[in-house]
Structure formats: C-alpha cells, structure tokens
Amino acid sequence: RSELLLVDLAGSERAKRRGKHYEVRFTEGCHINMSLLALGRVIRQLAAGATGHRNAPEGGGGGGGGNGVSGGGGDNTANQHVPFRDSRLTRLLEPALGGSARTAVIACISPAAEMAEDSRSTLRFAERCTLVQNHAKLNHAEAGVQLKEALRRAQAEADELRRQLSALAMEGGAGGGDTAAA
C-alpha cells in the first residue's frame, strides 16, 4: 500500500495582510500559524536527531528559542520526544516525516523585496527539512506478495518432483524391483 501526500503549507498568516476581513479570518490565521509552528518543532527535532546536535541550524538566527520539545536532560536527541501530536498537520505528515517514506519538499519563494523575510524563513525551513533522514523500507504488503509467489514456485517444483518420482517408480515397477514402495 502506498500513499501520496501533497500539502500546500501556504506560509504563515499575518493579520495585517488580511485587509477588511480581519475579524473573520483572524482565528483561521491563528490555527494556521499554530500548525506551522508545530511542524517547525517536529522538523527541528527530527533534524537535530539526524545530525546529533541538540538544536538544528537556524540558518541566520531567529526561531522560537530552544527546540520546543519536552525531553530529558543531556544530549541524547535520539531518545527525545518528537511532538507529532501537537497539531493535525503533524499527525497527517507523521508517516512522511518520521517513517519509512520517500519525501520531497518544494519551497516556493518570492523575488519581491517586501517578501524577503518570508523568503528567508522559507529557505531556513527547507534547509532544516533536508537534514531529516528517512529510511525507506520494503512495504510489508509487498513482502507478503513476494512470499506467496515464492511459495507458489516451491509448490510447483514439488509437484514436478512428485511426477518425476512417479515416472521413475513406474519404470522401476516394470523391472520387478521394490523401489516403488519408497
């Protein structure tokens, strides 16, 4: 079984860009921002685990201070909690981010001067995404199909060997030997 997830993250929502529909869209923008922050924490934690560093590179400062996850002390990032449950977005993307998957990230930026900070932020996020290492593995359903095919071939070979044994027994029976009893 395979899945294809296409997710348009659309960037953070700023209230000042919403125009006259400010009140109507403000709550929606808050939810989008919370999901993007949760995704950023997951990516940062996965990237930190992949590189062995406590904090993944921020690419020029900024960020939310710390790695945003609760965990034990020390530098053992492999055992720290990755907060997939913090938002619906990170739950949806969990198999693609922390599982056995092939994942691609396409980052779209704007050449406009007023979008420079957003473009830098997008590029920092894309850089962190490249540090996450997934290990794609054979799907168990495919392995089951391969095992069934191998079983079918083995059964066909066993049937062929039985036919050959029967043919040899008939030839041996005509000669009067006791080899047919075996």
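# Reading a helical model, step by step

A: Let's begin with residues 144-171: their end C-alpha atoms lie 41 Å apart, and the span is 100% helix and 0% strand. Keep in mind that this is a predicted model.

Q: Which feature does UniProt place at residues 144-171?

A: The UniProt record, an unreviewed entry, puts a "coiled-coil region" at residues 144-171. Such annotations may be inferred rather than shown by experiment. In the model, the span is 100% helix.

Q: How many helices and strands are there in the protein?

A: The protein has four helices and zero strands. Read from the N terminus, the order of elements is α-α-α-α.

Q: How far does helix 3 reach from its first C-alpha to its last?

A: A helix can be checked by comparing its end-to-end reach with the value expected from its residue count. Helix 3 covers residues 116-131, which is 16 residues, and reaches 23 Å. That is close to the 22 Å expected at 1.5 Å a residue.

Q: Which residues of helix 3 are buried?

A: A residue counts as buried when its relative accessible area is under 20%. In helix 3 the buried residues are Asp118, Ser119, Arg124, Phe125, Ala126, Arg128 and Cys129. For the protein as a whole, buried residues make up 19% of the 182 residues.

Q: Why do residues three or four places apart on a helix point the same way?

A: An α-helix has 3.6 residues a turn, so residues at that spacing point the same way. Now look at helix 4, residues 140-174, where Arg152 and Glu149 lie three residues apart, about one turn of the helix. Their side chains meet in a salt bridge, with 2.5 Å from N to O. Glu160 and Arg163 also lie in helix 4, three residues apart. They form a salt bridge too, and their closest N and O atoms are 2.6 Å apart.

Q: Is Arg163 buried or exposed?

A: Here you compare a percentage with the cut-offs: under 20% is buried, over 50% is exposed, and in between is partly exposed. Arg163 has 52% relative accessibility, so Arg163 counts as exposed.

Q: How many salt bridges does a search of the whole structure find?

A: The search finds seven salt bridges. One of them joins the side chains of Glu117 and Arg124, at 3.6 Å from N to O. Glu117 has a relative accessible area of 42%, so Glu117 is partly exposed. Arg124, at 16%, counts as buried.

Q: What does the accessible surface of the protein come to?

A: The total is about 13,300 Å², and 55% of it belongs to carbon and sulfur atoms.

Methods. Residues are numbered from 1 along each chain as its sequence is written. This is a predicted model: local features need pLDDT of at least 70, side-chain atom pairs count only at pLDDT 80 or more; totals for chains, interfaces and linings use all residues. Side-chain values use heavy atoms; hydrogens and water are left out. Helices (H or I, at least four residues) and strands (E, at least two) are DSSP runs, numbered from the N terminus. Buried means under 20% relative accessible area, exposed over 50%, partly exposed in between (1.4 Å probe, protein chains only). Accessible areas come from the Shrake-Rupley method with a 1.4 Å probe; for residues, only the protein chains shown count as cover. A salt bridge is a side-chain nitrogen of Lys or Arg within 4 Å of a carboxyl oxygen of Asp or Glu.
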